[in-house]
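Here is a short report on one helix, its surroundings and its chain. Look at the sequence and the 3D view first.

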Amino acid sequence: MSSVARPVGGKFLTPVTWFFIVLALIGGAFTLARFVFGLGATTAMSDGYPWGLWIAFDVVTGTALACGGYSVAILAYVFNKGKYHPLVRPAVLTSALGYSVAAVAIIIDVGRYWNIWKIPVRVDKWNLNSGLLEVALCVMSYVFVLWIEISPVFMERFKESGHGVLARLSTAILPVLEKVLPFILALGILLPTMHQSSLGSLYLIAWPKLHLLWHTPLLPLLYIISVVGMGYAVVVFEATFSSRVYRRERETAILGSIGNVTAWLTLVYLAIRIVDIALRGRLGLVFRFDGYGLLFLLEFASFLAAAVVLIGRKARVSPATQVGGALLMMWAGSLYRFDTYLVAYRPGPGWSYFPSVGEQAITIGLVALEVLVYVYFVKRFPILSGAPSASASR
Amino acid sequence: MTVTRRSALKVIAGAGAACAATALPAPAEGRERRKPGPDDVGLLYDATLCVGCRACVRKCKEANGLPPDRRELQGAVYDAPDDLNAQTKNIIRLHVEGNTTSYVKGGCMHCTDPACVSVCMVGALHKSKGGIVAYDKDLCVGCRYCQLACPFNVPKFEWAKAFPLIVKCELCRDRKEGPACAEVCPRGAIEYGKVTALREEARRRLAAEPKKYNGKVYGESEVGGTHVMYLAAVPFEKLGLPQLPSEPVPELSETISHGIYKGFIAPVVLWSALAVTIWRNRKKGAEGEEKP
């Protein structure tokens with residue numbers, strides 16, 4: 001197996017991509033409606049539930065699922081495990097796309113989007129008590145860092161083409177970028193560590209409203225541990241998916257050991273979570289078997305199932321087991337985020353929330369757009385590595 | 001896969017060290033409890049004096065240029081808001097239980113240590129002159145974190161508008177005569193003044209007529225104190241005022257994040273350590289990488 005990445009090639013417009021284009025267009029139409037008619041007309045959000053699907057899914061869960069780049073970078077660059085290098089490029093690309101989608105979702109979600117530029121610019125007005133300020137600045141910077149991390153992919157391609165301004169520019173920039181890359185990669189690990197833990201911190205202040213099975217001073221710690229596991233799960237899933245679709249060799253052994261890391265992280269997460277709840281004398285809330293207790297048990301069981309599947313001997317060799325475990329892990333991590341942000345958040349009597357058709361359409365549209373850009377880049381630029389198998393000629 | 005297992009633990013140690021260090025914040029590092037300043041102003045609402053005439057609701061709308069919240073009932077139109085909302089910064093609710101009735105005012109509590117101000121990214125919501133929690137629309141991004149953080153569900157958002165604002169009571173801070181609600185109340189149920197003086201007045205009323213009241217001043221200790229305070233005959237929780245401890249809402253979150261990010265030392269150290277490690281690893285060449 002060679003670890004040199006190459007473009008997959010092939011046609012971009014297929015029936016499948018057309019399907020995603022339609023979804024993206026529907027989302028686009030609803031986005032237009034949101035900007036013309038306002039948030040009330042297009043969403044189910046209210047003064048009781050000021051944050052809805054877009055924050056819980058597109059931003060919080062979406063960026064967590066986009067942490068493949070972060071998780072793989074830790075293994076490949078910090079722990080210096082060269083065998084993970086083939087996974088870096090596709091992981092960083094999905095991260096860049098996932099974070100960009102989250103950024104777009106935020107612009108759609110906030111009411112006074114024309115003031116967003118003031119957050120990075122009005123340094124004199126920064127409120128350093130605000131966890132959201134930290135998240136906003138970190139996410140903005142990280143989107144840049146991710147595109148810089150992935151930029152060699154495009155520049156290599158331009159350089160190969162050999163002529164034009166882009167080729168000359170790429171030839172000049174690539175060696176410089178190569179030199180400063182360790183500092184950018186370090187930033188690419190620091191920033192998610194900061195804001196992914198802070199996404200947990202955001203609900204620390206909601207203690208009068210957040211259910212006690214979810215509210216704990218350890219929220220930032222629980223968020224950062226679970227995000228690393230989710231990042232690995234996404235890499236396992238994505239590597240399998242692209243090896244199938246593009247009929248390339250699958251890195252089963254590498255993915256098996258990544259799954260193993262995920263399993264151990266998940267067990268650490270579960271241990272901290274349950275010990276914390278027990279020490280705070282809140283175990284009784286679990287065994288009240290009301291909706292919240294059952295939801296907590298479902299979350300716990302999901303994490304545990306993911307760990308058990310990924311830790312077993314079978315997960316080393318069987319792609320199906322790896323994908324199963326990864327899906328369980330993604331589900332568990334997403335459920336944890338949805339629960340904290342929406343289900344366990346209780347603004348008081350009389351309020352309820354379920355995402356409107358418009359909110360769902362915009363979320364689906366954004367995911368569709370993300371898939372389309374991924375497919376385009378993978379087909380045109382050197383992102384995936386591994387020799388295509390004999391039948392891969394489409 | 002012992003190496004990976006060890007790696008996993010190292011990852012946690014590295015990524016979570018900062019969080020873990022502050023997971024149990026030392027009391028000494030806790031932030032200071034705030035007190036109302038000597039010139040801070042507020043309201044004292046006495047539910048036992050209120051007759052529910054809603055003159056304050058009407059006057060509030062007039063003073064703040066807020067449109068009526070139109071309700072149609074059997075062909076007639078009323079300005080009848082059912083809660084605080086984008087057109088209503090002040091409301092009078094009715095509580096009935098058996099033979100006892102009580103009215104209760106709703107609106108911004110102007111906390112001494114407000115959650116909305118703690119979370120607002122660029123200070124669109126901020127403490128202004130007189131301890132008033134004020135709103136600057138030019139800085140507001142419309143993220144609505146204030147709504148999430150407020151334990152009283154006070155800040156409201158103009159959901160119906162394409163160019164929305166956050167709407168909340170600012171104690172008529174640009175009005176010479178002071179808050180319109182206090183000015184117009186025919187029963188003196190809403191008193192405007194310095195917070196310290198209002199607290200004394202509340203205590204005086206409790207002592208003078210202990211039988212008339214439930215014995216407490218709501219807003220004296222709740223979430224570290226509020227500048228809008230309540231007296232009532234009925235227990236406050238029955239009037240829909242949430243039972244809250246004396247801990248200011250932002251205390252926990254600010255203690256934890258200032259612990260993690262103290263002097264921005266932890267992030268800088270982590271970044272330097274990562275950069276050095278990555279740089280050295282690259283010189284060394286990665287383990288297990290196949291040479292092409």
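## What covers helix α6(B)

The cover over the buried residues of α6(B) includes β1 (41-46), β10 (190-194) and β11 (228-231) of chain B. Contact here puts two C-beta atoms, placed from the backbone, within 7 Å. Helices (H or I, at least four residues) and strands (E, at least two) are DSSP runs, numbered from the N terminus.

The model is predicted: local features need pLDDT of at least 70, side-chain atom pairs count only at pLDDT 80 or more, and totals for chains, interfaces and linings use all residues. Residues are numbered from 1 along each chain as its sequence is written, while chains are lettered from A and ligands numbered from 1 in the order in which they are written.

Which residues of α6(B) are buried? They are Val195(B), Leu198(B), Arg199(B) and Ala202(B). Buried means 20 or more other C-beta atoms within 10 Å of the residue's own; exposed means 12 or fewer; partly exposed lies in between. Seen down the axis of α6(B), the buried residues fall within an arc of 100° (taken from the directions from the helix axis to the C-beta atoms), so they line one face. An α-helix has 3.6 residues a turn, so residues three or four places apart point the same way.

The face turned away from the buried side carries exposed Glu200(B), Arg204(B), Ala207(B) and Ala208(B).

## Where the chains meet

In all, 71 residues of chain A are in contact with 64 residues of chain B. On the side of chain A that touches chain B, the largest share, eleven residues, comes from α8(A).
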